[in-house]
Amino acid sequence: MRRNAILFVVVSLLSGLGGSAMALVAGIWILDLTGSPGLAALAGFCGYAPTLAGPWLGAVVDRLPRRPLVIAANLTVAAVLPSLLAVRGPGQVWLLFCVATVYGVAYVLVDAGESTLLPAALSAVHLGRVNGWRSSAQEGVKLVAPLAGAGLYTWQGGHLVALLAAALPALAAAGYAALRLTRTPPPVAPQGRGVRVGLSVLFGSVSIRRPVVLAAVAIGMSGFATAAGYAVVTDTLGLPATFLGVLLSAQGAGSVAGGLVVGRVIARFDPTAVALAGGGLFAVSCLVRCLPWWPGVVAASVLAGLGLPWALVAAVTAVQTHSPDALLGRVAATANTVMFGPIAVTTPLGSAAVLLGARPPLVLAAAVCLTACALTYRVARDPAAAYQISDNEPARTR
């Protein structure tokens, strides 16, 4: 059990290191070659867009042998990255877009596939703890990977970064191959089930629906509050934009700490309670960020770093423990789409709302999160609602 847990954390470190470094370097590389910020931002869109196809890509995970698929996805990324050695000028920028898209598709497949492998490699008691450790590893890597990638790019250019990044998914593939599965997940989903079954399972089970919806609200509101966070620094506090780096580090530190303890919290309480706490912490962070006091804004970043991973890890753990094995791939991928898809809408809305000032969007984000938490808590406390299971809720097969 410990061996599998260590392998999952190491794989998360490797994947996070390569993905975070290349996400930044691809944008910088395109900007250097073309001088176009719009094209540079498009690279990020190429990496993110496949998340919206989660229900369909999750169905692929359910219909193919899962561990070989995860290994193949990592090896595909490792094989594609060296193609960037051919990038010499603006005429080859399309290669960067293609690689970013491959990265995005592979991320969805690997994330869904990993969600199916975790319950097959770990006991249900350890799932929350290992998910928290993985979250800490990924957040910790985000603190160093972009800086390391930018430094390597400045020193030797994008070609070296691409080669080094290609080695990381290959090592991750070896980690997946070394896992010892206590039971083998069904490699093929039942016939006659379409991609909509992921939504049916997701919203038909109260045990999954509640933490996933809470996580979706918190993550969506984090996108809505992004522009307001910038405005707080430059307008409310009158500090240089570089102070955002301090806030990002503070949030990262909170995320690492939150990931280390969330597993123990989930073991003591159910995922819905942990998601409620995470959403509430993020709401409080938005309100504290309204204070015209820079230490308070730093503390708010730490609270946001604690709250968002708690909500996310609770939702992921609920999906892994309450979904039927044969459909776990598409339920996990669909849950990711539900949780992260709203960012595509809430971020531009938040950018428009900040025209009213920095505080109104933050207060609105906090109000939305607190309302979602209050409604969920009220329903959960109702004994009839707490034990009411939808007719569509499947029993997880062991």
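A: Let us begin with a term for surface exposure: a residue is called buried when its relative accessible area is under 20%, exposed when that area is over 50%, and partly exposed in between, using a 1.4 Å probe and protein chains only. This is a predicted model, in which local features need pLDDT of at least 70 and side-chain atom pairs count only at pLDDT 80 or more, while totals for chains, interfaces and linings use all residues. Residues are numbered from 1 along each chain as its sequence is written, and side-chain values use heavy atoms, with hydrogens and water left out.

Q: OK, is Ser12 buried or exposed?

A: Ser12 is buried, because its relative accessible area is 3%. Ser12 belongs to helix α1, which covers residues 2-34; helices here are DSSP runs of H or I with at least four residues, strands are runs of E with at least two, and both are numbered from the N terminus.

Q: And what does Ser12 touch, not counting residues up to four places away in sequence?

A: With those residues set aside, Ser12 touches Arg134, Ala137 and Gln138, where contact means heavy atoms within 4.5 Å.

Q: Where does Leu303 sit, and which residues is Leu303 in contact with, beyond its neighbours within four places in sequence?

A: Leu303 is placed in helix α13, and beyond those neighbours it is in contact with Leu281, Val284 and Ser285. Leu281 is 22 residues from Leu303 along the chain, and the C-alpha atoms of the two are separated by 6.0 Å. Leu303 is partly exposed, since its relative accessible area is 23%.

Q: Let's stay with α13: how do α9 and α13 cross?

A: Helix α9 (residues 206-224) and helix α13 (residues 294-322) have axes that come within 8 Å and cross at roughly 150°, so α9 is roughly antiparallel to α13. Axes are lines fitted to C-alpha atoms, for helices over the stretch in contact, and angles run from 0 to 180 degrees between N-to-C directions. Angles under 35 degrees count as roughly parallel, over 145 as roughly antiparallel, 65 to 115 as roughly perpendicular, and the rest as oblique.

Q: Which residues of α9 and α13 make that contact?

A: From α9 they include Ile208, Pro211 and Val212, and from α13 they include Leu308, Ala311 and Leu312. By class, the contact of α9 with α13 has 13 nonpolar, three polar and no charged residues; Ala, Val, Leu, Ile, Met, Phe, Trp, Tyr, Cys and Pro count as nonpolar, Asp, Glu, Lys and Arg as charged, and the others, Gly among them, as polar.

Q: What about α6 and α13, at what angle do they pack?

A: Helix α6 (residues 124-156) packs with α13 at an angle of about 135°, their axes being 9 Å apart, and therefore α6 is oblique to α13. Leu127, Gly128, Asn131, Gly132 and Ser135 in α6 meet Pro309, Val313, Val316, Thr317, Gln320 and Thr321 in α13. The contact of α6 with α13 is made up of four nonpolar, seven polar and no charged residues.

Q: Now α12 and α16, how do their axes cross?

A: The axes of helix α12 (residues 271-288) and helix α16 (residues 359-381) come within 8 Å, crossing at roughly 160°, so α12 is roughly antiparallel to α16. Among the residues that make the contact are Leu276, Phe282 and Cys286 of α12, together with Leu362, Cys369 and Cys373 of α16.

Q: Last one: where is Gly198 found?

A: Gly198 is found in helix α8, residues 196-204, and it is buried with a relative accessible area of 0%. Leaving aside neighbours within four places in sequence, Gly198 is in contact with Arg330, Val331 and Thr334.
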